[in-house]
Amino acid sequence: MNMEFIITNASQLLVVVAVICTLISVITEFTKEIGILNRIPTSLQVLILSIIICVTAFFAYISYAKITFVWYYLVAVIFASFIVAIVCCKGWEYLITIWKRFYKPEDK
């Protein structure tokens, strides 16, 4: 694998995450005061929406790309939906802060 391939796919992944985060934020903003949704915390609503939208997008993509479903892909998507929910609730800076806290590059 060359570096250009990795950078190209990483940038596409970031665009997909940004679009999903925007979609979740807009849906949450319009629905958080409706019915029973005003009784639950907004962060819980964001998490549930994130799981639903990420799993739906995953199944749509594997159907479109004709990729064989493997169970651990779904587990990875559910974990990724938690990251999307954190970005929606607290922003990119919070996620970067968590990453910097636990990822320490080795000194050379």
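Student: Leaving aside its neighbours within four places in sequence, which residues is S81 in contact with?

Tutor: Contact here means heavy atoms within 4.5 Å. In this predicted model, S81 touches S50, I51 and C54 once neighbours within four places in sequence are left aside.

Student: And where is the place of S81?

Tutor: Look in helix 3, which covers residues 71-90.

Student: Is S81 buried or exposed?

Tutor: Buried means under 20% relative accessible area. S81 has 0% relative accessibility, so it counts as buried.

Student: What lies 2.5 Å from a polar atom of the S81 side chain?

Tutor: That's the backbone oxygen of I78.

Student: OK, on to rings. How many aromatic pairs does the structure hold?

Tutor: Five. Planes under 30 degrees apart count as stacked, over 60 as edge-to-face and the rest as tilted. Take F59 and F69: their ring centres are 5.5 Å apart and their planes sit at 35°, so this pair is tilted. The pair links distant parts of the chain, with F59 in helix 2 (residues 42-65) and F69 in the loop between helix 2 and helix 3, 10 residues apart.

Student: How accessible are F59 and F69?

Tutor: F59 is partly exposed, at a relative accessible area of 35%, and F69 is partly exposed too, at 40%.

Student: Why is the pair of W71 and Y72 edge-to-face?

Tutor: Check the angle: the planes are at 85°, so the pair gets that label, with ring centres 5.7 Å apart. W71 is exposed, with a relative accessible area of 61%, while Y72 is partly exposed at 45%.

Conventions: Residues are numbered from 1 along each chain as its sequence is written. This is a predicted model: local features need pLDDT of at least 70, side-chain atom pairs count only at pLDDT 80 or more; totals for chains, interfaces and linings use all residues. Side-chain values use heavy atoms; hydrogens and water are left out. Helices (H or I, at least four residues) and strands (E, at least two) are DSSP runs, numbered from the N terminus. Buried means under 20% relative accessible area, exposed over 50%, partly exposed in between (1.4 Å probe, protein chains only). A polar contact is a pair of N or O atoms within 3.5 Å; within protein, one must be able to donate a hydrogen and the other to accept it, and residues adjacent in sequence count only if both atoms are side-chain atoms. Rings of Phe, Tyr and Trp (its six-membered ring) pair if their centres lie within 6.5 Å; planes under 30 degrees apart count as stacked, over 60 as edge-to-face and the rest as tilted.
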